[in-house]
Amino acid sequence: FGSRQSVPERSFPRAQNSHAPSLLPKMVRVKAFELKSKTSKELLKELDEMKAELAQLRVAKVSGGAASKLAKIKVVRKSIARILTVYNQKQKAEARKQYKGKKYQPLDLRPKRTRAIRRA
């Protein structure tokens, strides 16, 4: 019960949150504004690459891959969604351009509003 010795500081780092950016390797996130400048063919090519990467990550998940690979699955899925969103926006914009000034438009290009307003 005499004098207490000081406890030395830990030499190993503390465990951090699973979403801490320092633990995960730098993941390539696709930015929507970068995708908008690409052509439809480039978008589809990138989509195929992302889907192939996702397939590899799922194989790694089944075979007991590293935690970084498991965390990357979510990033790749979101990237695929971004690519598809931009691609569909481009397709719809092209269709709108094609049908501009025509007498009839496809239903999905017409304004939605409400049924009563559309009938009026």
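Student: What pattern does the protein chain follow when read along the sequence?

Tutor: The pattern is α-α-α-α. The chain has 4 helices and 0 strands. Helices are DSSP runs of H or I with at least four residues, strands are E runs of at least two, and numbering starts at the N terminus. This is a predicted model: local features need pLDDT of at least 70, side-chain atom pairs count only at pLDDT 80 or more, and totals for chains, interfaces and linings use all residues. Residues are numbered from 1 along each chain as its sequence is written, and side-chain values use heavy atoms, without hydrogens and water.

Student: Where does T85 lie, and why is T85 called partly exposed?

Tutor: T85 lies in helix α3, residues 67-99. Its relative accessible area is 44%. Buried means under 20%, exposed over 50%, and partly exposed in between (1.4 Å probe, protein chains only). So T85 is partly exposed.

Student: How much of the protein chain counts as buried?

Tutor: Of its 120 residues, 17% count as buried.

Student: What makes R110 a lining residue of the second largest pocket?

Tutor: A pocket is an open set of points on a 1 Å grid over the protein atoms alone, where a 1.4 Å probe fits, with protein on both sides within 12 Å along at least five of seven lines; lining residues have an atom within 4 Å of a point. R110 is listed in that lining, with L107, P111, K112, R113 and R118, so R110 has an atom within 4 Å of a point.

Student: How does the lining of the second largest pocket divide?

Tutor: Into 2 nonpolar, no polar and 4 charged residues. Leu and Pro count as nonpolar, Lys and Arg as charged.
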